[in-house]
Amino acid sequence: GAQTLMVDDSSFDRCNRPGWKKMKWQEAEDQRLVREKRRRGDREDLTNEEQKAAKEQIFNSNEAFNILSNELYTLQTEMTQGIQ
């Protein structure tokens, strides 16, 4: 009863304090920036050439893996046939 009312009053007062909305906005913005950085994959750490290559990538990682796997398989089968 009375304690719940006090908690409700204090949270209501907190929301009306000067700077509360800015503080909540900053918190939400910080979380958004963290999500954005994760989504980009920390590209700030890459050199300009690496960033350019990442943007101009022709194949996605699954396609690149399949291409390299097929090439490796071809090399392995050619080498084992040459040995026999």
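The pLDDT is the predictor's confidence in each residue, on a scale from 0 to 100. For the predicted model described here, the mean pLDDT of the protein is 76, and 75% of the residues reach 70 or more. Where pLDDT is low, the predicted coordinates should not be read in detail.

The protein contains four helices and zero strands. The order of elements from the N terminus is accordingly α-α-α-α. Of the 84 residues, 1% are buried. The accessible surface of the protein amounts to about 8,000 Å², and 55% of this area is supplied by carbon and sulfur atoms.

A search of the whole structure for salt bridges returned two. Side chains of opposite charge can pair when their charged atoms come close. One of the pairs joins K24 to E27, with 3.3 Å between the closest N and O atoms. Both K24 and E27 belong to helix 2, which covers residues 20–40; the two are three residues apart, or about one turn of the helix. K24 has a relative accessible area of 36%, and E27 has one of 38%. Both values fall between the limits of 20% and 50%, so K24 and E27 are classed as partly exposed.

The other pair is formed by E29 and R32, whose closest N and O atoms are 2.7 Å apart. E29 and R32 also lie in helix 2, again with a spacing of three residues, about one turn of the helix. R32 is partly exposed, because its relative accessible area is 37%.

A nonpolar patch is present on the surface, made up of I58, F59 and I67. Together these residues contribute about 300 Å² of accessible area. The relative accessible area of F59 is 41%. Patch residues need over 30% relative accessible area, so F59 passes this cut-off while being classed as partly exposed.

In summary, the model consists of four helices, with two salt bridges found in the whole structure and a nonpolar surface patch formed by I58, F59 and I67.

Methods
Residues are numbered from 1 along each chain as its sequence is written. This is a predicted model: local features need pLDDT of at least 70, side-chain atom pairs count only at pLDDT 80 or more; totals for chains, interfaces and linings use all residues. Side-chain values use heavy atoms; hydrogens and water are left out. Patches are made of residues with over 30% relative accessible area and no salt bridge: like charges are joined within 9 Å, nonpolar side chains (Val, Leu, Ile, Met, Phe, Trp, Tyr) within 5 Å. Accessible areas come from the Shrake-Rupley method with a 1.4 Å probe; for residues, only the protein chains shown count as cover. A salt bridge is a side-chain nitrogen of Lys or Arg within 4 Å of a carboxyl oxygen of Asp or Glu. Buried means under 20% relative accessible area, exposed over 50%, partly exposed in between (1.4 Å probe, protein chains only).
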